[in-house]
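Work through the exercises below with the structure open beside you. Each task is followed by a solution in steps.

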Amino acid sequence: MSNLKKHNIIVKDLSIGYKDKTVADNINFCMNSGQLCAIVGVNGVGKSTLLRTLGKLQPKLSGEIAINRKALELHSSFELAKTLSFVLTEQPASKNLTVQELIALGRQPYTNWIGTLTTEDKQQVEESLSSFLLKDLRYNKCHELSDGQLQRVLIARAMAQDTPLILLDEPTTHLDLYHKVQILKLLQQLSHNKQKTIIFTTHEIELAIQLCDTILILDGNENPSGTPIELIEQKHFEHLFPLEMVQFDSKTGSFKVNK
Ligand SMILES: Nc1ncnc2c1ncn2[C@@H]1O[C@H](COP(=O)(O)OP(=O)(O)OP(=O)(O)O)[C@@H](O)[C@H]1O
């Protein structure tokens, strides 16, 4: 079942990008278990590239990424399947499965080669269905779901995988404000109640300020990280967007358009 040990991910002097192109460098942060963490920054600054690098979906250019004090590249695929789960916004495959079947796939790292679910696996699937408000939808096909419902299913599958680290690429895209808040609150509960480290990329900076424990701002320079209050006090949100267009109000933690 859930592993309540303390876990962390530490990144030092990380440089990310592609063969002939450095997308971002000078990335340093530490994120601990029980924390909901957002990666924010303008379009194209490298949020998804960083998330994919943290998930070992693409190689780093240089620097260090350590999960539980062990370098990411030294974790075997088998070990990583029990250490981190990755939730992508677009999930093309598996939409013909029912909600329950898709969530049960999260148990793959623990099952035998024909995928037989043990009592513990079934309990974990039930808990995930319940936590993400999916019990009434369990026999629905995934292609019948709304974007918000499908997003909950994909996160529930990651919860069923029961890894200490969960990475999500823009989990609130295409959702209305209510459903964005719903997803982020469910992620917050999961991180706090189950001591997971949950890191997600987002453009919802104001919601991240209200709901996250830690934020990493990719700004192409210092890339500061800290609690929302620390980052506000240090005025890091003020220069995120061109001042003549958008200004940050540190009293309300929100952005205002210059008319
Ligand atoms: N496969 C790739 N090969 C080369 N360059 C890429 C590749 N994928 C992305 N890039 C480039 O890397 C940079 C960072 O892209 P990335 O998607 O990480 O940014 P992002 O901050 O997530 O952007 P957005 O907020 O628009 O989703 C961009 O300049 C992008 O064009």
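The exercises below use a predicted model.

**Exercise 1. Check the span of helix α5 against the distance between its end C-alpha atoms.**

Step 1. Helix α5 covers residues 147–161, which is 15 residues.
Step 2. The expected span is 1.5 Å times one less than the number of residues, so α5 should span 21 Å.
Step 3. Just after the helix, Asp 162 takes a positive phi of about 55°.

**Exercise 2. Decide how far α5 is enclosed, and find what its buried residues pack against.**

Step 1. A residue is buried if 20 or more other C-beta atoms lie within 10 Å of its own.
Step 2. In α5, 11 of the 15 residues are buried, so the helix is largely enclosed by the rest of the structure.
Step 3. Among these buried residues are Val 153, Leu 154, Ile 155 and Ala 156.
Step 4. Take Ala 156 as an example: leaving out residues up to four places away in sequence, Ala 156 touches Ile 103, Ser 128, Leu 129, Ser 131, Phe 132 and Leu 134.

**Exercise 3. Describe the side of domain 1 that touches domain 2.**

Step 1. Domain 1 consists of 1–83 + 164–259, and domain 2 of 93–162.
Step 2. The C-alpha centres of the two domains lie 25 Å apart.
Step 3. In the contact between them, 14 residues of domain 1 meet 13 residues of domain 2.
Step 4. On the domain 1 side, β7 and α6 each supply at least two residues, and the largest share, five residues, comes from α6.
Step 5. By class, this side has 10 nonpolar, three polar and one charged residues.

**Exercise 4. Is Cys 37 buried or exposed, and which residues does it touch?**

Step 1. Cys 37 lies in strand β3 (residues 35–40).
Step 2. Cys 37 has 21 C-beta neighbours inside 10 Å, so it counts as buried.
Step 3. Cys 37 and Thr 197 are 160 residues apart in sequence, yet 7.6 Å apart in space, C-alpha to C-alpha.
Step 4. Not counting residues up to four places away in sequence, the residues that Cys 37 touches include Met 31, Ile 198, Cys 212 and Ile 215.

**Exercise 5. Describe the shell around the ligand and the place of Lys 47 in the structure.**

Step 1. The residues that surround the ligand include Tyr 18, Lys 21, Gly 41, Lys 47 and Thr 201.
Step 2. Strand β2 (21–32) and helix α1 each supply at least two residues of this shell, and α1 gives the most, with three residues.
Step 3. By class, the shell divides into three nonpolar, seven polar and two charged residues.
Step 4. Lys 47 is found in α1 (residues 47–54).
Step 5. Lys 47 has 24 C-beta neighbours inside 10 Å, so it counts as buried.
Step 6. Leaving aside its neighbours within four places in sequence, Lys 47 is in contact with Ile 39, Gly 41, Thr 201 and Leu 218.

Methods: Residues numbered from 1 in each chain as written. Predicted model: local features only at pLDDT ≥ 70, side-chain atom pairs only at ≥ 80, totals over all residues. Helix = DSSP H or I, 4+ residues; strand = E, 2+ residues; numbered from the N terminus. Buried ≥ 20, exposed ≤ 12 C-beta atoms within 10 Å, placed from the backbone. Contact = placed C-beta atoms within 7 Å. Domains from an automatic or database assignment. Nonpolar A, V, L, I, M, F, W, Y, C, P; charged D, E, K, R; others polar. Near = placed C-beta within 6 Å.
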